[in-house]
Amino acid sequence: MTPEHRHFIAQMMNPWKFRLYLLMKVPLGLIAGMRLKSLDLNRCEATIRYRWINTNPFKSMYFAALAMAAELSNGSLALLATYNRNPSVAVIIVAMEAQFLKKATGLITFTCEEGASLFAAADRAQQTGEPVTQKVQAIGRAEDGTEVARFAFTWSFKRRG
């Protein structure tokens, strides 16, 4: 892990700096109550709690709130993979798939364990200059471990300049 990676992780894991980041970049995520539970080079956990602000008429969490937390779990890894590269690498979502398996209430934790594949995609994009896509999973579980949702995001990496 490079000093740059340690710096990025420290910034994201600092609750006040993370909330400021959400306020500036993803204000809806701040309002919905997204949090980062853990982040390293390979794995990220993001949480969201069922509250009145993210409910749906069926008394469970609105699908868009779940999608935001799922995206945060792999988006944090994608941003970490592109952080402070020279030449820089841009990253954006180009596709998303979702499965909703159980009613989402309480605290939901989304886990992505595919940091290595995101780093490899960023490396390939930086080295070749060609756009590279990488599909990764985010699995959402309730506090008792029950899987409530599964998301797959396809990220596109492209060298700038």
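**Strand pairing and helix packing**

Ten bridges join β5 to β6, and these two strands run antiparallel. This is a predicted model, in which local features need pLDDT of at least 70 and side-chain atom pairs count only at pLDDT 80 or more, while totals for chains, interfaces and linings use all residues. Residues are numbered from 1 along each chain as its sequence is written, and side-chain values use heavy atoms, with hydrogens and water left out.

Q: What makes β5 and β6 a pair?
A: Two strands pair if DSSP finds at least two bridges between them. Ten bridges join β5 to β6, so the pair meets that definition. Gln137 stands opposite Ala152 in β6. The hairpin of β5 and β6 has five residues between the strands, and Gly145 takes a positive phi near 95° there.

Q: How many bridges join β4 to β5?
A: Three bridges join these antiparallel strands, and Phe110 stands opposite Gly140 in β5.

Q: Why are β1 and β3 called edge strands?
A: The open sheet has six strands in the order β1-β2-β4-β5-β6-β3, with antiparallel pairing. β1 (35-39) and β3 (89-100) each pair on one side only. From one strand to the next, the twist averages 25°. Four bridges join β1 to β2 (residues 44-49), and Leu39 stands opposite Cys44 in β2. Strands here are DSSP runs of E, at least two residues, and helices are runs of H or I, at least four residues, numbered from the N terminus.

Q: Why is α1 called roughly perpendicular to α2?
A: Helix α1 (residues 3-13) and helix α2 (residues 15-25) pack at about 85°, with their axes 5 Å apart. Axes are lines fitted to C-alpha atoms, for helices over the stretch in contact, and angles run from 0 to 180 degrees between N-to-C directions. Angles of 65 to 115 degrees count as roughly perpendicular, so α1 is roughly perpendicular to α2.

Q: Which residues make the contact of α1 with α2?
A: Gln11, Met12 and Met13 of α1 meet Pro15, Lys17, Phe18 and Tyr21 of α2, where contact means heavy atoms within 4.5 Å. These divide into five nonpolar, one polar and one charged. Ala, Val, Leu, Ile, Met, Phe, Trp, Tyr, Cys and Pro count as nonpolar, Asp, Glu, Lys and Arg as charged, and the others, Gly among them, as polar.

Q: At what angle do α1 and α4 pack?
A: The angle is about 150°, with the axes 10 Å apart. The contact is made by His5, Phe8, Ile9 and Met12 of α1 and Ser76, Leu79 and Leu80 of α4.

Notes. Parallel < 35°, antiparallel > 145°, perpendicular 65-115°, else oblique.
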